[in-house]
Amino acid sequence: MPASIAKAGSSGSEIDPPNAMVDEKRRKRMISNRESARRSRMKRQKHMEDLVTEKSILERKIYEDKQKHVALWQRHFALESENKVLTDEKLKLAEYLKNLRQILASYNAIESDQDHLEVSDRFLNPWQVHGSVKSITASGMFKV
C-alpha cells in the first residue's frame with residue numbers, strides 16, 4: 001500500500017477526473033461571477049452617470065422655470081397696477097359723465113321752462129348792453 005500511496009501522491013500531473021471536473025466548474029463559475037460583477041459595476045456606473053445628467057437637466061429646468069415665474073409675476077403685478085389705474089379712471093369718467101348728464105338735464109329743463117316764461121333778454125344775455133348808452137369819451141373826463 002505504501003507504494004500505491006506514494007505513486008498517487010508523487011505524481012502532481014495526474015489528477016483525479018471527478019475532482020478535475022469540479023475544479024474546472026469552480027474556475028468557470030469564478031470567471032463568470034467576475035464577469036457578472038464587472039457588468040454589474042458598469043451598469044451601476046452608467047446608471048449613476050445617467051442620474052447625474054438627469055439631475056443637471058432638471059436643475060437647469062428649475063432655474064428656467066423660476067426665471068419664467070418671476071417674469072410672469074412681474075407682468076401680473078404690472079397688469080394689476082395698470083388695471084387699478086384704469087378702474088380709477090373709469091370711475092372718474094363715469095362721475096364726469098353723470099355730472100354732464102345732470103347739466104344737460106338742467107339745461108333742457110330750463111329751455112322747456114323758457115318756452116312758457118317770458119324772461120327779459122337782459123337776464124338771459126347779461127353781456128349785451130340794452131337801452132340807450134351814452135358814449136363816454138376820454139376827452140370830456142380829463143381837463144388840463
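Asp88 and Lys84 join their side chains in a salt bridge with an N to O distance of 3.5 Å, the term standing for a side-chain nitrogen of Lys or Arg within 4 Å of a carboxyl oxygen of Asp or Glu. Because the two residues are 4 residues apart in helix H2, about one helical turn separates Asp88 from Lys84. Lys84 is exposed at 53% relative accessible area, whereas Asp88, at 33%, is partly exposed; buried means under 20%, exposed over 50% and partly exposed in between, with a 1.4 Å probe and protein chains only.

This is a predicted model, in which local features need pLDDT of at least 70 and side-chain atom pairs count only at pLDDT 80 or more, while totals for chains, interfaces and linings use all residues. Residues are numbered from 1 along each chain as its sequence is written, and side-chain values use heavy atoms, without hydrogens and water.

The structure holds 6 salt bridges, including the following.

| Salt bridge | Closest N and O atoms |
|---|---|
| Lys46 and Asp50 | 3.1 Å |
| Lys55 and Glu59 | 3.5 Å |

Lys46 and Asp50 both belong to helix H2 (residues 17–114), and they are partly exposed at 47% and 38% relative accessibility, respectively. Lys55 and Glu59 also lie 4 residues apart in helix H2.

Overall, the protein has 4 helices and 0 strands, these being DSSP runs (H or I, at least four residues, for helices; E, at least two, for strands). Buried residues account for 1% of its 144 residues. An unreviewed UniProt entry annotates residues 23–61 as "domain: BZIP", a span that is 100% helix, with its end C-alpha atoms 56 Å apart.

Key:
UniProt positions renumbered as here; feature names shortened; annotations may be inferred.
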